Amino acid sequence: MNYNPVVNRTSLDALAVAVYVPDKTPPVLNEFDLDLNSSELQLRFSETVNRDTLEVEGITIQYAANATHSSSLQSLQLTEASSSSDSPNSTQITIEIGKQDLDDLKRLTEVATSSNDTYLSLNSTAIADMSGNPVTPIPISLGIPVTLFTQDMINPELVAFGLDLNTGILTMTFSETV
């Protein structure tokens with residue numbers, strides 16, 4: 001080694017690429033966290049993903065690694081109308097679980113009650129990398145377990161009520177599913 005310095009090049013004498021090989025490697029979901037107090041689902045990928053390609057309806061939270069289609073009562077497919085993300089393009093995307101999706105999840109009795117019954121599956125349309133390669137799907141039969149689970153510790157609040165004196169029916173509305 002003779003320690004000769006590298007010759008500087010400017011944009012005026014830049015070299016053209018000799019061989020260009022485009023990225024064809026799909027991103028992989030490595031792990032996820034679910035926080036029911038902050039209503040957040042954090043996804044961590046093998047490479048930077050493009051948040052603008054996120055389609056939350058491609059994500060399902062389920063009760064077991066091997067959930068079957070007959071167990072749809074114990075799984076929740078997120079909805080675009082309720083859940084979204086404003087994360088930057090990154091290897092980690094945080095999804096804000098919307099009120100309707102969160103209420104639907106809390107209505108389920110055997111999913112997302114602890115780290116033992118919180119798994120995630122996703123299809124290839126859920127998100128893509130910066131080159132447009134779709135995420136490697138995780139089928140419902142091979143769901144991955146939650147890494148960090150934060151249980152719901154926020155008490156529901158009574159937000160409204162009505163009493164029909166003719167029928168004797170008291171109707172109460174709470175801040176979340178009870």
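Predicted model: local features only at pLDDT ≥ 70, side-chain atom pairs only at ≥ 80, totals over all residues.
Strand β6 spans residues 119-122, and both of its faces are covered. Y119 and S121 are buried on one side. L120 and L122 are buried on the other. In a regular strand, side chains alternate between the two faces of the sheet.

## Helix α1

Helix α1 covers residues 99-107. Which of its residues are buried? They are D101, L102, D103 and L105. The cover over these buried residues includes β1 (29-35), β3 and β4 (75-77).

## The largest nonpolar core

The largest nonpolar core holds 31 residues. L34, L41, L43, I59, I95 and L105 touch the most other members. At least two residues of this core come from each of β1, β2 (40-50), β3, β5 (90-96), α1 and β6. β2 gives the largest share, four residues. In soluble globular proteins, nonpolar side chains tend to be buried together.

## A look at L41

What does L41 touch, leaving out residues up to four places away in sequence? Its contacts are F32, D33, L34, I59, L78, I93, T94, I95, I97 and L120. Among them, L34, I59 and I95 are, like L41, core residues that touch the most other members. L120 is one of the buried residues of β6.

Definitions and conventions. Residues numbered from 1 in each chain as written. Heavy atoms only, no water. Buried < 20%, exposed > 50% of the residue type's maximum accessible area, 1.4 Å probe, protein only. Contact = heavy atoms within 4.5 Å. Core = buried A, V, L, I, M, F, W, Y, C linked by side-chain atoms within 4.5 Å.
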